[in-house]
Amino acid sequence: MAVDVSMHVVRPGKRDAVLDWLQMLTGAGLVAFMWCHMLLVSSVVLSPKLMNAIAGFFESTYMVQVGGPLIFLAFLLHFVLAARKIPFRSDGQAAIWQHAKMLKHRDTWLWIVQAVTAMIILVMGAIHMWVVLNDLPITAAKSAARVSDGWWLLFYLVLLPCVELHVSVGFYRIGVKWGVIKTEGRAKAKKFEFLLFSIFMIIGIITLIRFVTLM
């Protein structure tokens with residue numbers, strides 16, 4: 001007796017394509033923002049006055065007051081778009097975990113890393129933005145006082161690697177998904193991804209140390 005083992009495949013429509021483009025664009029924009037944010041905050045390593053001057057410029061031009069909420073909206077939009085492909089039910093999560101262990105494919109594990117870090121960043125990133133935007137103006141002294149608190153230091157020691165992992169992996173996955181990174185170039189791209197992660201982690205740790213020593 002013949003058995004029909006064919007699989008029903010639903011082709012993605014135009015709506016899905018548009019949502020994928022929006023997800024990519026918001027993701028790329030947030031990657032660029034996070035890198036710029038890290039470099040601007042790390043200016044405290046050179047001089048607290050330099051950080052204060054940069055923050056003062058952005059506030060005097062209302063880029064913080066307007067840009068902050070816009071970044072937060074882009075942050076939420078990106079999460080909602082990405083959440084379409086994240087399993088929230090326990091059975092779906094178990095299936096993804098089993099497939100990752102069975103396939104032993106690094107890119108599959110990278111997707112899991114992105115999904116997990118996204119959940120952490122959603123909560124902790126929202127808390128960070130709320131606290132900062134409700135305590136303007138931004139100054140090196142305020143940031144140092146907050147980071148020097150034991151709980152806040154632990155908070156940023158968790159948030160920092162989650163953000164840098166999510167950003168560096170996201171940068172790589174955007175390149176793979178949209179054909180910028182070809183199959184033969186994946187090994188080099190992964191090394192570059194790890195290099196980016198390492199560089200921004202070092203900058204972030206040095207910045208946290210500098211804030212602590214300011215007090």
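The following questions and answers go through a predicted model of one chain.

The model is predicted: local features need pLDDT of at least 70, side-chain atom pairs count only at pLDDT 80 or more, and totals for chains, interfaces and linings use all residues. Residues are numbered from 1 along each chain as its sequence is written, and side-chain values use heavy atoms, with hydrogens and water left out.

Reader: How many helices and strands does the chain have?
Author: Helices (H or I, at least four residues) and strands (E, at least two) are DSSP runs, numbered from the N terminus. Along the sequence the pattern reads α-α-α-α-α-α-α-α-α. The count is therefore nine helices and zero strands.

Reader: What percentage of the 215 residues is buried?
Author: Buried means under 20% relative accessible area, exposed over 50%, and partly exposed in between, with a 1.4 Å probe and protein chains only. Under that rule, the buried part of the 215 residues is 33%.

Reader: Among contacts between residues at least 6 apart in sequence, what percentage joins residues at least 24 apart?
Author: Contact means heavy atoms within 4.5 Å. Of the contacts between residues at least 6 apart, the part that joins residues at least 24 apart is 80%.

Reader: How many aromatic pairs are there?
Author: Rings of Phe, Tyr and Trp (its six-membered ring) pair if their centres lie within 6.5 Å; planes under 30 degrees apart count as stacked, over 60 as edge-to-face and the rest as tilted. By this rule the number of aromatic pairs is six.

Reader: Which helices does the aromatic pair of Trp 35 and Phe 200 tie together?
Author: The pair of Trp 35 and Phe 200 is stacked, at 5.7 Å centre to centre and 10° between the planes. Trp 35 and Phe 200 are both buried. The two parts are 165 residues apart in sequence, so the pair ties together helix α1 (residues 14–41) and helix α9 (residues 186–214).

Reader: Why is the pair of Trp 152 and Phe 155 edge-to-face?
Author: Trp 152 and Phe 155 lie three residues apart in helix α8 (residues 150–177), about one turn of the helix. Trp 152 is partly exposed at 21% relative accessibility, whereas Phe 155 is buried at 13%. The ring centres of Trp 152 and Phe 155 are 4.9 Å apart, and the pair is edge-to-face because the planes stand at 65°.

Reader: Which residues of α3 are buried?
Author: Helix α3 (residues 48–60) has 13 residues and spans 18 Å from first C-alpha to last, close to the 18 Å expected at 1.5 Å a residue; the expected span is 1.5 Å times one less than the number of residues. Its buried residues pack against α1, α2 (43–46), α4 (63–83), α7 (140–148) and α9. On the other side of α3, Lys 49 and Ser 60 are exposed. The buried residues are Met 51, Ala 55 and Glu 59.

Reader: Which residue follows α3 with a positive phi?
Author: At the start of α3, a side-chain oxygen of Ser 47 comes within 3.2 Å of the backbone nitrogen of Lys 49. At the other end, the residue with a positive phi, near 60°, is Tyr 62.

Reader: Which residues outside its sequence neighbours does Gln 114 contact?
Author: Gln 114 is in helix α6 (residues 106–133). At 13% relative accessibility, Gln 114 counts as buried. Leaving aside neighbours within four places in sequence, its contacts are His 166, Val 169, Gly 170 and Arg 173.

Reader: Where is the cis peptide bond to Pro 137, and what is its omega?
Author: Pro 137 lies in the loop between α6 and α7. The cis bond runs from Leu 136 to Pro 137, with omega near 5°.

Technical notes:
A polar contact is a pair of N or O atoms within 3.5 Å; within protein, one must be able to donate a hydrogen and the other to accept it, and residues adjacent in sequence count only if both atoms are side-chain atoms.
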